[in-house]
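Hi,

Here is the structure I promised to pass on. Have a look at it first, and then read my notes on its aromatic rings below.

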Amino acid sequence: MRHRHFYAGACVLALLAPLLFAAQGTRGGHGRAAFDGWPTHFEGRALTRLPLSEREERFGGDFPGHIARFTDGRRELIVRFVTEPTRKLHPASDCFAGLGYRVRPLPVRVDEAGARWGSFTAERGGETFRVHERIYADGGGSWADVSAWYWAAAMGDHAGPWWAVTVAERTAGSRQ
């Protein structure tokens, strides 16, 4: 009988743990981060802001932070300023797959500064993109994987706010 009570108690704690971590994150002040504006350059190239799609506007309505879309003349970037741990920040591969693209993972990309980026290709109807994404905090911490970021943020291991950057570039031979 004691084992049943222990098991039942463990199950209840497991169910409540995400709520406790979410409440802890809110008390920690993640949602209070000041937004100082969007970057003007990326990897040495000037950024031009693009309008969000209707779908992106709807999604951003209850997103904890801000979302913007840019081009550097060669690539398209989605930049998200995230103020608290959230499951609303999900891998870009999920978005592409949801739009009907065939997604294939690539090895982690390491840029010139040594930052690690999650990478994949997305292909649909003769159009192919190479996509890289990463999440980082100005105060330190960087993740090439959304799930790794989420758990580090939710557990309080790294304070926000965070920047999530997704870069999509058409591959050579891809039709526009």
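**Aromatic rings and their neighbours**

Phe35, Trp38, Phe70, Phe81 and Trp163 come together as one aromatic cluster. Rings of Phe, Tyr and Trp (its six-membered ring) count as a pair if their centres lie within 6.5 Å; planes under 30 degrees apart are stacked, over 60 edge-to-face and the rest tilted.

Please keep in mind that this is a predicted model: local features need pLDDT of at least 70, side-chain atom pairs count only at pLDDT 80 or more, and totals for chains, interfaces and linings use all residues. Residues are numbered from 1 along each chain as its sequence is written, and side-chain values use heavy atoms, with hydrogens and water left out.

The structure holds 14 aromatic pairs. One of them is Phe96 with Phe120, edge-to-face at 5.7 Å centre to centre and 70° between the planes. Phe96 lies in helix α3 (residues 92-98) and Phe120 in strand β7 (residues 116-124), so this pair ties together parts that are 24 residues apart in sequence. Helices (H or I, at least four residues) and strands (E, at least two) are DSSP runs, numbered from the N terminus. Phe96 is buried, at 16% relative accessible area, and Phe120 is buried at 4%. Buried means under 20%, exposed over 50%, and partly exposed in between (1.4 Å probe, protein chains only).

Tyr150 and Trp151 also pair edge-to-face, with 5.0 Å between centres and 80° between planes. Here Tyr150 is buried at 15%, while Trp151 is partly exposed at 41%.

Best wishes
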